[in-house]
Amino acid sequence: MALWDVYYTVTNLDDAIRLLREHKEKARIVAGGTDLLIEMQNKVRTPSVLIDVTRVGGLDEIRMGLDGLIHIGPMVTHAQAAASPLLQEQALPLAQACWWVGAPALRNRGTIMGNLVTASPANDTITALRALRASLILRSERGDRIMPLSDFYTGVRRTVLEPDEMVVDLTFAPLNENQRGVYLKLGLRRVLAIAVTNVAIVLTFDENRNITGARIALGSVAPTIIRASEAEAALKGTPLSAGSIAEAANRAAQAARPIDDVRGSAWFRTEEVRALVQRGLEAIQMDAPRLGLPEPDAMVRLGGKAKRLPKLCGPTIAHHADGDEPIQCVVNGENVSVQGANGKTLLRMLREDLGLTGSKPGCEEGECGACTIWLDGMATLACLTPAPRAHGARITTIEGLSKDGELHPVQEAFIKEDAVQCGYCTPGFVMSAAKLLEEIPHPTQEQIKTALSGNLCRCTGYYKIIRAVEAAAMAGSKN
Ligand SMILES: Cc1cc2nc3c(=O)[nH]c(=O)nc-3n(C[C@H](O)[C@H](O)[C@H](O)COP(=O)(O)OP(=O)(O)OC[C@H]3O[C@@H](n4cnc5c(N)ncnc54)[C@H](O)[C@@H]3O)c2cc1C
Ligand code: FES
Ligand code: FES
């Protein structure tokens with residue numbers, strides 16, 4: 001069954017705003033689709049009109065504006081933000097929050113704006129941006145509204161965004177030389193884990209290292225992200241010391257109003273707030289707030305050489321689920337034109353309409369990586385990508401990895417190292433690993449683990465898989 005009735009790919013913002021006015025509650029903007037597709041599959045949201053803004057030029061900019069504020073466009077992905085030198089230097093908590101979202105292929109598609117609008121109190125970027133005191137610009141044909149992020153949320157997954165509005169800009173002041181910030185998250189595992197609790201802290205110091213301003217935001221402990229104002233007050237006028245840190249951590253724990261759920265009990269979450277605030281303040285005290293965030297050059301992105309999202313020119317394109325407008329794209333080097341896939345995911349189009357069954361449906365929720373393909377050179381989860389998003393794009397699947405009948409070195413290494421058992425997960429692992437070696441020919445073991453962190457295997461185990469990637473890298477250096 002089709003997931004939507006019509007999928008518009010707009011090439012300018014005005015068209016997106018006009019379509020929102022025309023279709024109102026029936027329409028949703030789609031950016032990365034990593035939340036929306038799951039919500040639609042689970043019938044949490046059932047828009048019949050999707051408005052894809054991913055091909056509008058210039059929406060993926062992170063820039064310092066003439067107004068002295070950092071501006072983040074609606075198509076800035078988590079991968080881009082985490083690796084941005086500007087954000088790492090002047091908005092560290094946001095770069096850290098983006099780095100902790102999901103796993104590489106998910107970060108390549110998921111956007112900060114999508115994360116903010118989904119409005120889950122566990123979402124990573126909201127907490128960081130509350131501590132950075134961010135504002136949004138909401139645009140409709142009625143005009144622009146400037147909305148402080150603190151006023152944007154009205155409850156769990158609820159915001160003040162009107163059906164005809166789109167978020168077109170996110171702004172905040174960069175941290176200056178007297179300020180330090182940090183973001184920490186506790187999940188049930190290191191990657192692909194929604195936060196049990198998260199914390200962002202921004203402190204301002206005077207020349208004597210006394211704190212003149214403190215902002216502490218807490219996530220996943222109330223219906224919306226909250227500020228721990230008592231803890232903030234406790235820090236003002238003092239330097240960071242063991243005593244002031246402990247007092248602030250205790251007060252932050254008192255501010256939390258968590259619930260029991262599958263990820264943790266209220267008691268556990270409260271204790272974690274105390275621990276995370278303490279760790280964050282200590283990291284600032286020791287002037288070591290990066291907490292393992294890789295430098296931009298060393299960051300595994302699985303984004304290949306793609307620096308910007310390719311834009312489309314010309315008029316808005318409509319793909320009707322029951323229409324015969326073709327999805328035209330390049331798959332494994334060949335031009336293809338597909339009819340009948342307008343209302344499904346890219347994974348289903350590849351398998352059902354093009355017979356490319358190498359990409360596997362594992363979870364179809366972004367959790368297992370079995371469907372990993374390359375979309376315009378970036379590792380991408382095909383199960384969370386709408387098929388019409390492929391219009392005008394280049395796709396590589398596992399079937400396209402071998403050249404002139406020769407297996408890719410990663411495929412060779414998987415065979416030699418016995419890194420395959422049932423093989424169901426293998427195409428996804430190979431696509432992630434091959435992209436890693438294209439990006440970083442001689443990765444460290446940590447980088448290999450990061451690259452494969454979104455791929456799950458339930459039979460072989462991971463040692464042989466990691467060994468195979470190391471062997472492929474070695475083979476590459478000999479050639
Ligand atoms: C396996 C998995 C793991 C995940 N792990 C994490 C995690 O660790 N931490 C975390 O915080 N999140 C996580 N997420 C959630 C998700 O990836 C993010 O929320 C993502 O940032 C959403 O961005 P998107 O571009 O994919 O949004 P979309 O799915 O395209 O859109 C999400 C919502 O925002 C709306 N929207 C998007 N852009 C705009 C705009 N400019 N104006 C108005 N409305 C807009 C859409 O209409 C939709 O309602 C995970 C998701 C999955 C599937
Ligand atoms: S991540 Fe796509 S099928 Fe599991
Ligand atoms: S080899 Fe069977 S799931 Fe990985």
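The structure is a predicted model, in which local features need pLDDT of at least 70 and side-chain atom pairs count only at pLDDT 80 or more, while totals for chains, interfaces and linings use all residues. Residues are numbered from 1 along each chain as its sequence is written, and chains are lettered from A and ligands numbered from 1 in the order in which they are written.

The axes of helix 14 (residues 409-416) and helix 15 (residues 426-439) come within 9 Å and cross at roughly 125 degrees, and the two helices are therefore oblique to each other. Helices here are DSSP runs of H or I with at least four residues, and strands are runs of E with at least two; axes are lines fitted to C-alpha atoms, for helices over the stretch in contact, with angles from 0 to 180 degrees between N-to-C directions. Val410, Gln411 and Phe414 of helix 14 meet Thr426, Val430, Ala433, Ala434 and Leu437 of helix 15, where contact requires C-beta atoms, placed from the backbone, to lie within 7 Å.

Elsewhere, four strands form an open sheet of mixed pairing in the order 2-3-1-15, two strands being paired if DSSP finds at least two bridges between them. Strand 2 (27-30) and strand 15 (317-320) stand at the edges with a single partner strand each, so one side of each is left without a neighbour in the sheet. Strand 2 runs parallel to strand 3 (residues 49-52), joined by four bridges, and Ala27 has Val49 in strand 3 as its bridge partner.

Key:
Parallel < 35°, antiparallel > 145°, perpendicular 65-115°, else oblique. Contact = placed C-beta atoms within 7 Å.
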